[in-house]
Amino acid sequence: GGSLDAAYGPPGAGHGGRGGAAGPYPGNGLRPGGVSYDSETDPSDAGSSPGMNQSTFAVHAGGIIRLEVADVATIGGRISADGQGGSGSQAGAAGGSISLNCRTVQGSGGYVRANGGGAGLSYGDIGGGGGGRIAIHFDTAAQAALGSQPTIQIAAAGGLDTLVTSGWGAAGCVPYEGSLSTSWKWGAGEPGSIYLSGTNFWPMTSPHGGRIVCPVFTNWSVA
């Protein structure tokens with residue numbers, strides 16, 4: 001899921017989503033981001049680092065968090081395995097993995113997050129890191145019996161590319177050409193995956209980037 005060094009702006013690292021593409025800075029050629037890997041339902045791997053670029057130091061990828069809770073998992077704070085953002089001419093690292101197994105989920109105001117890191121801003125051809133992987137397994141019947149459902153944020157967003165300064169990265173790795181020397185635009189990291197056992201606390205729980213994976217969806221509508 002890592003990416004190769006590059007003289008001018010490396011691609012982003014991958015994990016749950018591919019890293020954002022980089023280049024082609026004149027003479028370098030297009031460099032795709034790191035690949036995706038790991039299980040959607042039982043993630044157990046750390047994210048990848050994009051490695052070093054020129055004289056910059058490698059940035060750190062998101063780590064591994066595994067929680068086994070016998071009964072109620074109450075989330076009112078932060079559970080984070082974010083990838084580190086690049087600085088200067090460095091690409092973004094990938095988000096890590098978070099796995100939670102419990103009977104029910106409760107809480108408000110907290111978040112579970114494995115976002116990819118954004119790219120540095122020194123060049124216009126650097127990729128963002130791919131989002132990580134999150135899996136929350138719970139007893140759907142017990143969850144449905146709760147009086148109120150949790151209102152927490154869950155995110156496995158891709159990191160922003162060099163020339164995007166707000167909003168989460170969506171699926172990346174597809175540059176477009178304006179002028180070869182001045183206007184190449186590069187990919188944000190692809191979103192990672194968010195696995196949920198059921199739809200019990202959906203859509204009250206707000207996803208802030210990430211591909212939802214849910215085995216019991218039977219229909220979908222957008223108002």
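## Gly-120 in its loop

Gly-120 lies in the loop that links β6 (108-113) to β7. The model is predicted. Is Gly-120 buried or exposed? Gly-120 has a relative accessibility of 1%. Buried means under 20%, so Gly-120 counts as buried.

Ser-89 sits 31 residues away from Gly-120 in sequence. In space, the C-alpha atoms of the two residues are 5.4 Å apart.

## The parallel sheet

β7, where the loop of Gly-120 ends, belongs to an open sheet of 5 strands. The strand order is β1-β4-β7-β9-β11, and the pairing is parallel. Two strands form the edges: β1 (64-68) and β11 (211-213). Each of them pairs on one side only. On average, neighbouring strands of the sheet are turned by 10° against each other, with direction ignored.

In general, strands of a sheet pair through backbone hydrogen bonds, either parallel or antiparallel. Here, β4 (residues 97-101) pairs with β7 (residues 133-137) in the parallel sense. The pairing runs over 5 bridges. Asn-101 stands opposite His-137 in β7.

## Gln-143 in the helix

Which element holds Gln-143? Gln-143 is part of helix α1, residues 140-144. The relative accessibility of Gln-143 is 0%, so this residue counts as buried.

What does the side chain of Gln-143 reach? It reaches the backbone nitrogen of Val-105, at 2.7 Å. Leaving aside residues up to four places away in sequence, Gln-143 touches Thr-104, Val-105, Phe-138, Gln-149, Pro-150, Asn-200 and Phe-201.

## The whole chain

How many helices and strands does the protein have? There are 1 helix and 11 strands. From the N terminus, the elements run β-β-β-β-β-β-β-α-β-β-β-β.

The protein has 223 residues, and 47% of them are buried. Gly-120 and Gln-143 both belong to that buried share.

Contacts can also be sorted by sequence separation. Of the contacts between residues at least 6 apart in sequence, 68% join residues at least 24 apart. The exposed surface comes to about 9700 Å². Carbon and sulfur atoms supply 54% of that area.

Conventions
Residues numbered from 1 in each chain as written. Predicted model: local features only at pLDDT ≥ 70, side-chain atom pairs only at ≥ 80, totals over all residues. Heavy atoms only, no water. Pairing = 2+ DSSP bridges. Helix = DSSP H or I, 4+ residues; strand = E, 2+ residues; numbered from the N terminus. Axes fitted to C-alpha atoms, helices over the stretch in contact; angles between N-to-C directions. Buried < 20%, exposed > 50% of the residue type's maximum accessible area, 1.4 Å probe, protein only. Contact = heavy atoms within 4.5 Å. Areas by Shrake-Rupley, 256 points an atom, 1.4 Å probe, with all protein chains shown as cover. Polar contact = N/O pair within 3.5 Å; in protein donor to acceptor, adjacent residues only side chain to side chain.
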